[in-house]
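Try each task before you read its solution.

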Amino acid sequence: MTTLTQHFLNDAGFSASDAGDLTIMCTALQEASKVVSSKLRRAGILNLFGLAGTQNVHDEDVKKIDMVANDAFLQALNRSGKIAVVASEENDDIVLMDNATNAEYVLAMDPLDGSSNIDAGISVGSIIAVWRRKSAKGEAATSADLLQPGRDCVFTAYVLYSVATVFVVATPSGVNGFTLDETIGEYKLSHRDIKLPAKHSIYSVNEGNYSKWDDAVKKYVDSVKFPTGEGAKAYSLRYIGSMVSDVHRTLLYGGIFMYPADKKSPNGKLRILYEGIPMSFICEKAGGSSSTGTQRLLDIIPQSLHERKPILLGSTKNVEEACAFFSS
């Protein structure tokens, strides 16, 4: 059975000149994700539940396990020598790696998405996006190297920590999922060539925010909850509140995941670098679509590291139906 490392070397669609460095980087990501997976499974025993007593740049309370995950990824990526600079949701500014002047690639990550759910034992995940640096080698990389549109990503990935640990990655050859075999410590191919169904009757959104939505979002949600016409059936609502978990379900079953703007967060709540771009890249590589409601998300050039945008992604027909309410 193909391992994740073998996939990067032979089947991911990278050029021969890039495959070696990207495989080393992937090995570092695997190492960090295994550390996080192990810590999560023993979080109660290791006293990693609860708050760390600090807040991140988004004024969100930082969990103890957030810090563990962030450190695990930063250390592994630095040791790989293949990353010039990292932007993390947990850090105010970029983190320069030891090889910041000569490494070819830059990386953005949410080291532990959905961590507010950890104490309740709900699935969480890590999200990663990689670009080729824009600045010339020989000089230190900067934040400008990370402010690139999602369409230019080299690859993106997420790791789901649930009943199993699953590493899903989008590369030039498509989207594939690898499940961690804990008996030997290897990620093995378990979800080959993932393709999103064109449409499915599932929508995923936090309806607790209904009163804060604008009319376009309300009208779309009402249309799938209370459809008109003979034989029309209502969509099913599925919402976990952990983006990796919700997107993973959407990727496998189809439908639409939404986190629209609202009166409280008029620019959207989710970060485009750490959440929007990586997940949209995966969805589009799997045959789906992504949007802010008015434009393709992967065409947006971020203006700052922690910029927020509305996000709609999933099956193409579902996303098109939702966007039609914005255009009208």
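**Exercise 1.** Which residues does Asn209 touch, not counting residues up to four places away in sequence?

*Solution.* Start with the ground rules. This is a predicted model: local features need pLDDT of at least 70, side-chain atom pairs count only at pLDDT 80 or more, and totals for chains, interfaces and linings use all residues. Residues are numbered from 1 along each chain as its sequence is written, and side-chain values use heavy atoms, with hydrogens and water left out.

Step 1: find the place. Asn209 sits in the loop between E11 and helix H4 (215-225). Helices (H or I, at least four residues) and strands (E, at least two) are DSSP runs, numbered from the N terminus.

Step 2: list the contacts. A contact means heavy atoms within 4.5 Å. Asn209 touches Tyr259 and Asp262, leaving aside residues up to four places away in sequence.

Step 3: Asn209 has a relative accessible area of 13%, so it is buried. Buried means under 20% relative accessible area, exposed over 50%, and partly exposed in between (1.4 Å probe, protein chains only).

**Exercise 2.** Is Asp110 buried or exposed? Describe its surroundings.

*Solution.* Step 1: locate Asp110 in strand E5 (residues 105-113).

Step 1: read the area. The relative accessible area of Asp110 is 1%, so this residue is buried.

Step 2: look for neighbours. Beyond residues up to four places away in sequence, Asp110 touches Glu89, Gly125, Ser126, Ile127, Tyr274 and Glu275.

Step 3: take one distance. From Asp110 to Ala84 is 26 residues in sequence and 17 Å in space, C-alpha to C-alpha.

**Exercise 3.** What is the strand order in the open sheet of 5 strands?

*Solution.* Step 1: write the order. It is E12-E11-E13-E15-E14, with mixed pairing. Two strands pair if DSSP finds at least two bridges between them.

Step 1: Strand E12 (236-237) and strand E14 (289-291) each pair on one side only.

Step 2: zoom in on one pair. Strand E11 (residues 202-204) and E12 pair in the parallel sense over 2 bridges. There, Tyr203 stands opposite Leu237 in E12.

**Exercise 4.** How many helices and strands does the protein chain have? Then judge its overall form.

*Solution.* Step 1: count 7 helices and 15 strands.

Step 1: Buried residues make up 54% of the 328 residues.
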